[in-house]
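Hi everyone, thanks for coming along. I'd like to walk you through one model today, starting with its cavities and ending with its aromatic rings.

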Amino acid sequence: MDNPVAVALTLEDFKILIPHAIVLAVALLTLGYGAIAAPSPGRNAALTVISVFGYLGAIVAALLLTGQPRTAFSGMGALDDMAVFLIVVIAASALLTVFISAQTIPAWDMPLGEYYSLLAFSTLGGMLVASAVDLVMIFVGIELSSLSVFVLAAFAKRRRESIEGALKYFLLSSFATAILIYGMAWTYGVTGATNLNDISLRLATYQDRTAPTLLLAALLLIVGLGFKAAAVPFHMWTPDAYQGAPTPVTAFMSVAPKVTAFAAILRVLVQGLGPLREQWVPLVIVLSVLTMALGNLVAIAQRDVKRMLAYSSIAHTGYMLVGLAAFRQIGGGDESIPSVLFYNFAYAFMNIGAFGVLAWLQLHGKGTTIDDFNGLAVTAWPQAAAMAFFLFSLTGVPPLLGFYAKYFIILAAIEAGYTWLAVVVVLLSAVSAYYYLRVVAAMYFGDPAGAPTPARTRFFGVGLGAMVLSVALFGILSGPVLDLARQWYLAL
Amino acid sequence: MDWATIIFYLLAAVAVLTAAGVVFARNPVHSAFALVISFLNVAGIYVLLGAEFLAAVQVIVYTGAILVLFLFVIMLVRPEDLRELNTAPRVQTALAWLLGLALFAELGLVIATGVLTGARGPYPPEEVAAAGGNTQLIGRILYSEFLLPFEVASLVLLVAVVAAVILGLPDRFLTGERARGLSLSLGHPTGADRVLEAERRGVPAVDAPDLGEPGTIDTGRAPVGAGRGR
């Protein structure tokens, strides 16, 4: 017509969506096949194979597409190298979750096809956020990711706690979404743009960066994203939702939505509101201290290991926020964002691993309290060793992956001049050793209270083994991985 | 005063009054109907502002879909369960008044002083006029610039549908031994599993009694709509 909007949509545009398309295919295939085929071990195996190869394919596709930052879809999405890093972490966490779910979910009489499908949809949402450079895109991606997780949290719908936790998660998260989109509306109102690069460019020209409208926009965005990342004081949904959900789901939702939230935080705060750094950094510092302190201190009081891990995951959000608080500027000479990226990477392996052992115990007729771990080293030594390994890593014992993750965060904080914040991280990590190692002590020094009932879990074991190997291997290779994170972040 | 201003005040007055009616009505059905009228008047204001598309969406989505959903829920819930409405604790009522008035004062202050100014967006009125109206422009932008989020939004809706099926269907249909999908009779008021169970036992499906067998049928609760003449 007379004034066509000039948009060139080429095949090149769709290239950035190849990893996403693969995961979407997994979601649709598992949904369709799971609905058509009658439940049988063969069908379940096929669903698992589809998922495993889908996520592997997405990871490989993303890695093959590195090194050529390109935006597409009129600046809605970009597959820059930071997006690739986050996509790999999110897809890997979904892959690890498949390993610990494949035998657990059917054993608990839950529909595997729909389960895998929702898992893939949530992963897809996270991947879309990772590669989004527009507020609208970030919003729909976050919604896709969390909506699927609400349903997964309610998957054990015959159990009251599962429904209760999911409902709390759903209501509070909707509330957070409203705040988030209100913040986005203010940001758009003030800057006149939804594209993050445009927002950053316009903010850089502003003289008065403490205008109340700008501060309100930043505040609302931080609150909304803080909810999604489970930062204190916006963490209220976390313990109940994590405890109520089936354990493999808890493993996934303690990692993928958190990484998604951090992807959104990195995009919005760093790439978009980067020029407002001096205004939002103090807020992030306050959040990080509160989050670390509450997460670690309340975790001490928990007898239920699942709930303890829920609080510990809050504490880990705090450590990641410390890395974010050290942010100076986009570009060189700044270790903050690479350290956050690395922490997300490390956290995925060790946290899903710890929840995985928990799911293994439940599959073998045990509960999730600390007493159920008594003497596990005698009755099931490989699982006990794996659990000890993951817990040592979560504590931050060298030379495991978790140690390097914390080390880089602390380094970034010191470099940015927040030595006291680094001291807080170290002190609270020492506190965390108490509740993590208490489980290790129960496993190795407790009296065995009956052997776990046998169950077929070879595939499960392969997954746990892979995670143990990853935690050890990437611990040793932490230097190269961090270099990769740094280099890929610089390409932003 | 020109006609547009008079119409605006008329629409605004009715919208505000009916909005108050939503809060103060004791019968939830009255509240819902007051909300319909309020929404329609707001749609009228959108037309006055030259936002025809928003007006149409307001009528279709809010008045049409969401409110009908409200009414369905209200009518399906037994009236006994609604007796507690409008009897919130005194503290809560006081707090609601306080916060409401604070918000009102805030908004009034902002409008009166005009301190909040933003940047010009990418689509100022001239551009909208050049494109032939905001419906045309929104259509073009939605299917070009915002194509990707638009498509992802459709995925969000797909997940919502899957979620409703998973959470709403009886467990047997999701994990049971029976081939699923084709035998569902979702239109039946008492739910599909009751019908199938009844068929198996040769009982007339419509008046099927509670069939027991915990684990297969949820017998703890009468099905929605049971035992009430309508």
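Let me first say what I mean by a cavity: a set of grid points where a 1.4 Å probe fits but cannot get out. Please also keep in mind that this is a predicted model.

With that in hand, a search of the whole structure turns up 3 cavities of 30 Å³ or more. The largest cavity holds about 100 Å³ of space. Which elements give two or more residues to its lining? In chain A they are α7 (135-153), α8 (160-191), α10 (212-229) and α13 (256-272). If you want to find the spot on screen, look for lining residues including Tyr169(A), Phe227(A), Lys228(A) and Trp237(A). By class, that lining has 7 nonpolar, 4 polar and 1 charged residues.

Now to the second largest cavity, with a volume of about 80 Å³. Among its lining residues are Ile222(A), Leu225(A), Gly226(A), Ile265(A), Val284(A) and Leu321(A). Here the elements giving two or more residues are α10, α13, α14 (277-300) and α15 (305-325) of chain A. Of these, α10(A) gives the most, with 4 residues. This lining divides into 10 nonpolar and 2 polar residues, with no charged ones.

On to the rings. Over all chains, the count comes to 27 aromatic pairs. One of them is Tyr319(A) with Tyr343(A), a tilted pair at 6.1 Å centre to centre with 45° between the planes. This pair links distant parts of the chain: Tyr319(A) sits in helix α15 and Tyr343(A) in helix α16 (residues 336-363), 24 residues apart. Are these two tyrosines buried or exposed? Both Tyr319(A) and Tyr343(A) are buried.

Next, have a look at Phe403(A) and Tyr407(A), which are stacked, 5.9 Å centre to centre and 20° between the planes. Both belong to helix α19 (residues 401-415) of chain A, 4 residues apart, about one turn of the helix. Phe403(A) has a relative accessible area of 24%, so it counts as partly exposed. Tyr407(A) is partly exposed too, at 39%.

Finally, a word on confidence. The model scores ipTM 0.90 and pTM 0.86. For chain B, the mean pLDDT is 75, and 70% of its residues reach 70 or more. Over residues 177-195 of chain B, the pLDDT is below 50, and this stretch has 34 contacts in the model beyond near neighbours in sequence. Residues 204-230 of chain B also stay under 50.

Terms used. Residues numbered from 1 in each chain as written. Chains lettered and ligands numbered in written order. Predicted model: local features only at pLDDT ≥ 70, side-chain atom pairs only at ≥ 80, totals over all residues. Heavy atoms only, no water. pLDDT = per-residue confidence, 0-100. Contact = heavy atoms within 4.5 Å. 1 Å grid on protein atoms, 1.4 Å probe; cavity = no way out; pocket = protein on both sides within 12 Å on 5 of 7 lines; lining within 4 Å. Points joined across faces, edges and corners; volume = space filled by probe spheres on them. Nonpolar A, V, L, I, M, F, W, Y, C, P; charged D, E, K, R; others polar. Phe/Tyr/Trp six-rings, centres within 6.5 Å; stacked < 30°, edge-to-face > 60°. Buried < 20%, exposed > 50% of the residue type's maximum accessible area, 1.4 Å probe, protein only.
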